Structures are given as C-alpha cells and as structure tokens.
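Hello,

Here is the structure I promised to pass on. Please open it first, then read my notes below.

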Amino acid sequence: MSQAKVDRYKEEKKNRAKIIKKEKRQWMLTKAVGVLVAVLVVAWVGFSVYNYTGTTEETTTVELPTYTVDTAALDDYLTALSAEE
C-alpha cells in the first residue's frame, strides 16, 4: 500500500466510532421522517373520510332519480325458449 492509503486507513480507523454514530443517527432520522410522513398520510385520509361521511346540518340531500324497466318482452322470450326444450 502507498503511504497515502495507509494514512487514510489509520484516520478512518481512528474515527470509526464517530462515523458509525453519524450513520446510525442519519438512519434513525430517516426512519423517524418516514414514520412521520406515514402518520400524516393516514391522519389526512382519516380526516378526509370523516369529513366526507360526516353529516352536518349544512349538508343537503339530493334525491336520485328512479328508473323502471319493463321486462315483459324478455320474460316472454325466456318462456318461449324454455317451452322449446
């Protein structure tokens, strides 16, 4: 090894504990931020669902139209098919 590599290795070895602590601190910070983001997303979704489904006096009800379907022709056709068998 060249002298520069040896010096770099010795310096790294001397500061290894500090380097490991720094890496652990960064990893914990990353995990904490991830958990915080996940909690905020879940809270936001929960709050949105609560507001969407919550009933208040301000909300108005809208009557949906009802549809009727005359199936007499279909019933006659199916009856004719079953009679042929």
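Start at Asp-70. Its side chain reaches the backbone nitrogen of Ala-72, at 3.3 Å. Asp-70 sits in the loop between H2 and H3. Ala-72 belongs to helix H3, which covers residues 72-84. Is Asp-70 buried or exposed? Asp-70 is exposed, because its relative accessibility is 69% and the cut-off for exposed is over 50%.

Keep in mind that this is a predicted model. The mean pLDDT of the protein chain is 88. At least 70 is reached by 89% of the residues. Among the helices, H2 has the highest confidence, with a mean of 93. Confidence is lowest in helix H3, at a mean of 88. One caution applies: where pLDDT is low, the predicted coordinates should not be read in detail.

Now the overall layout. The protein chain has three helices and zero strands. From the N terminus, the order is α-α-α. The chain has 85 residues, and 0% of them count as buried. It exposes about 8,800 Å². Carbon and sulfur atoms supply 63% of that area.

Next, the salt bridge. How many are there by the rule used? The count is one. It joins Lys-14 to Glu-11, with the closest N and O atoms 3.7 Å apart. Both residues lie in helix H1, residues 3-14. They are three residues apart, about one turn of the helix. Lys-14 counts as exposed because its relative accessible area is 61%, and exposed means over 50%. Glu-11 is partly exposed, at 40%.

Last, the surface patch. Which residues form the nonpolar patch? They are Leu-29, Val-33, Val-37, Val-41, Trp-44, Val-45 and Val-49. Together they have about 670 Å² of accessible area. Take Val-49 as an example. Val-49 lies in helix H2, which spans residues 16-53. Its relative accessible area is 47%, so Val-49 is partly exposed.

See the Asp-70 side chain and the backbone nitrogen of Ala-72. Then go to Lys-14 and Glu-11 in H1. Finish on the nonpolar patch, including Trp-44.

Best wishes

Note on methods. Residues are numbered from 1 along each chain as its sequence is written. This is a predicted model: local features need pLDDT of at least 70, side-chain atom pairs count only at pLDDT 80 or more; totals for chains, interfaces and linings use all residues. Side-chain values use heavy atoms; hydrogens and water are left out. Helices (H or I, at least four residues) and strands (E, at least two) are DSSP runs, numbered from the N terminus. Buried means under 20% relative accessible area, exposed over 50%, partly exposed in between (1.4 Å probe, protein chains only). Accessible areas come from the Shrake-Rupley method with a 1.4 Å probe; for residues, only the protein chains shown count as cover. Patches are made of residues with over 30% relative accessible area and no salt bridge: like charges are joined within 9 Å, nonpolar side chains (Val, Leu, Ile, Met, Phe, Trp, Tyr) within 5 Å. A salt bridge is a side-chain nitrogen of Lys or Arg within 4 Å of a carboxyl oxygen of Asp or Glu. pLDDT is the predictor's confidence in each residue, from 0 to 100. A polar contact is a pair of N or O atoms within 3.5 Å; within protein, one must be able to donate a hydrogen and the other to accept it, and residues adjacent in sequence count only if both atoms are side-chain atoms.
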